[in-house]
Amino acid sequence: MIAFIFSVARWFSYVASIAAIEQIHSSNQTVSRTSISILVALRLLPNALFSNIGGVLADSYDRRNIMLILDILGAFIACFFLLAYQFKSIPALYAATFCQMTVAAIYEPCRSALVPMLITNEGYLKKALTLTGLTWSVMASVGASTGGLATESFGIDTCFCIDSVTYLLSAGFLWKIRGKYVAVGAESDDELVSTVPSSEEMGLPFIDIDIKPHILSLAGMTNMIVNGLSYLRSKQWGAFVFLKGCAALIYGAADVLNVAFSEMGSTSDSTSRDANLEGSSERLGILFASVGVGCFLGPVLVESFTDMEKPSSLEGACLVSYLLMAIGCWGLAQINGFISICCYTAIRSAGSSVIWIHSSLLLQKFCENNMLGRVMAVDYALATLCEAISAMCGGLLQDKAGWSPESVSYTMSMVALSTLVLWARYFFGVRL
């Protein structure tokens, strides 16, 4: 539920930000795919820059408390979107987006590392991560489509207000979780020392955060990040942190393409190629809902064929995901109308959802708990960096090189097939 609410907040602001940028450009009689690419990149780059900080915090402090603080901070940041929209400032929207996603970048490693502490049984952990993926899918379907409809019906500023409220709802649910969630082995003499009594010991109903100055220092964080990278290099399964990144190179340009597809209208004939902004927010919401449907169906169909006790089954699921992405992107290059776009978008998203869940399962199966925050941070940083690169390339190829959305989609399908072959060779060459 917490993951659902936190993600809904980001989707509402995302759809509203895209609509705001399109509206501002429309008032100036211009169309810019690069502006959308910059928005997508700014949503992703903070993850590459700051997720390692989230990993260090997750391995050093109570993971639940860090998430609670970030939720409250996110609620305040969401208010800046309203100011940016009132001033019709695209740079201000970019700045608000960067701040919001910086919070998300620190939040995600803490959330990913908290789940195995709540659920210690591997079988139940697999179900929990699948359920989290399904929750995200429902969120993408409901949150994005609702965001598109709300933007079209009630206005962009309403979506930004809802965004702020959802952060507070997420904080409320986190407040209901009791107990301490500090990584086992984290409080060693080399890493953590704390003499501050907890809020529970002092009888205070507040957030328990022990201040550890040497961890918060640049040298302390750098040391922990380097230790995490060394740990990954020493493990045979360390290459698994690149699974999401390779997939992100494929699906990263999808959001930019979705904006282009949503402006084509309901058909794909030549008369619909020019920007058609009327109803585009609603169509964009429908496309994002198709992403949610695909992300829901993919893990459900694959779940019965995978087993935490058999890593090869998880690896097989990752290979299937690359195949699904290749099929979906190839279909988008053969557009036959808006319904066709939605169907192939769902197929592509099914692949991206499957690899997101099962690459995480592989890492959580083999990684030690006191290193999990940093490992998941590296995994998340690589994925979002690759996604940002893909998004920027998708926008620049359309604006500067004159490529059509279909040409970009075809290129994505070729990248997916190439990556499928490379990972198949790796999986069959390295058995865990």
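**Notebook: cores and a cavity**

I started with the largest nonpolar core: of its 51 residues, Trp237, Leu243, Phe261, Tyr322 and Val375 touch the most other members. For a nonpolar core I took buried Ala, Val, Leu, Ile, Met, Phe, Trp, Tyr and Cys residues joined through side-chain atoms within 4.5 Å; buried is under 20% relative accessible area (1.4 Å probe, protein chains only). Helices giving at least two residues each to this core include α5 (122-153), α8 (218-233), α12 (311-332) and α14 (369-399); helices here are DSSP runs of H or I, at least four residues, numbered from the N terminus.

A note on the source: this is a predicted model, where local features need pLDDT of at least 70 and side-chain atom pairs count only at pLDDT 80 or more, while totals for chains, interfaces and linings use all residues. Residues are numbered from 1 along each chain as its sequence is written, and side-chain values use heavy atoms, with hydrogens and water left out.

Next I looked up Leu243. Beyond its neighbours within four places in sequence, Leu243 is in contact (heavy atoms within 4.5 Å) with Cys318, Tyr322, Ile355, Ser359, Leu362, Trp423 and Phe427.

Then I turned to cavities, sets of points on a 1 Å grid over the protein atoms alone where a 1.4 Å probe fits but cannot get out. I found two of 30 Å³ or more, volume being the space filled by probe spheres set on the points, which are joined across faces, edges and corners. Which residues line the second largest cavity? I noted Ala254, Leu257, Asn258, Phe261, Leu332, Thr345 and Arg348, lining meaning an atom within 4 Å of a point. The largest share of this lining, four residues, comes from α10.

Technical notes. Buried means under 20% relative accessible area, exposed over 50%, partly exposed in between (1.4 Å probe, protein chains only). On a 1 Å grid over the protein atoms alone, a cavity is a set of points where a 1.4 Å probe fits but cannot get out, and a pocket is an open set with protein on both sides within 12 Å along at least five of seven lines; lining residues have an atom within 4 Å of a point.
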